[in-house]
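Me: I would like to go through the side-chain contacts of this model. Please set each value against its rule.

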Amino acid sequence: MLYIWIFLISMIPLIELRGAIIFSQGWQLPILISYIICIVGNMLPVPFIYLFARRILEWGKDKKYIGKFFTFCLEKGEKGGKKLTDKAGNGTFLALMFFVGIPLPGTGAWTGTLAASILDIDFKSTVVAVSFGVLLAGIIMMTLSYVGFGFLFG
């Protein structure tokens, strides 16, 4: 049952794999199995985000109850995309990978994929870059969680 929880947590925007791995270690689940489950959960929404999120957000940005949130999401994606292109130049693939892979607030697979769709980066490059970024973020969080919780529960 806890594996289902970390799978679902890893799909939540802003929390994603980063938070799910921390939960898995707080629940003292095996790290490698947790890592794999969290990667799958974090990557599952990526194609849907790429293909549909931008259209849905643009449709809803002027709606009464959801407009502010949808506008916030669009602006977040545009800001992330602008950061990527400003810093990357021709190295957009690597920039996207590191944007997703460095576990800082607001830089996960959801934001990276939305930014890539706003920048019109092709689907295949986006999925591969985001995949590598999620793997990197997972390794970083797995290491930090394992060390941190190992210290606590040692």
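**Contacts and their rules**

Reply: The count comes to 3 aromatic pairs, where rings of Phe, Tyr and Trp (its six-membered ring) pair if their centres lie within 6.5 Å. One of them joins Phe-23 and Trp-27. This is a predicted model: local features need pLDDT of at least 70, side-chain atom pairs count only at pLDDT 80 or more, and totals for chains, interfaces and linings use all residues. Residues are numbered from 1 along each chain as its sequence is written, and side-chain values use heavy atoms, with hydrogens and water left out.

Me: Why is the aromatic pair of Phe-23 and Trp-27 called tilted?

Reply: The planes stand 40 degrees apart, and the centres 5.4 Å. Planes under 30 degrees apart count as stacked, over 60 as edge-to-face and the rest as tilted. So 40 degrees gives tilted.

Me: What makes Phe-23 partly exposed?

Reply: Its relative accessibility is 40%. Buried means under 20% relative accessible area, exposed over 50%, and partly exposed in between (1.4 Å probe, protein chains only). Trp-27, at 34%, is partly exposed as well.

Me: How do you know that Glu-58 and Arg-54 meet in a salt bridge?

Reply: The N to O distance is 3.4 Å. A salt bridge needs a side-chain nitrogen of Lys or Arg within 4 Å of a carboxyl oxygen of Asp or Glu. So the pair qualifies. The two residues are 4 apart in helix α4 (residues 46-60), which puts about one helical turn between them. Helices are DSSP runs (H or I, at least four residues), numbered from the N terminus. Glu-58 is partly exposed at 37%, and Arg-54 is partly exposed at 26%.

Me: What makes Arg-54, Glu-58 and Asp-120 a network?

Reply: Salt bridges link these residues. Arg-54 also meets Asp-120, at 3.2 Å, N to O. Arg-54 lies in helix α4 and Asp-120 in the loop between α7 (109-118) and α8 (123-153), so this pair ties together parts that are 66 residues apart in sequence. Asp-120 is exposed, at 59%.

Me: How many salt bridges does the structure hold?

Reply: There are 3. Among them is the bridge between Lys-63 and Asp-62, at 3.5 Å, N to O. Lys-63 is partly exposed at 31%, whereas Asp-62 is exposed at 61%.
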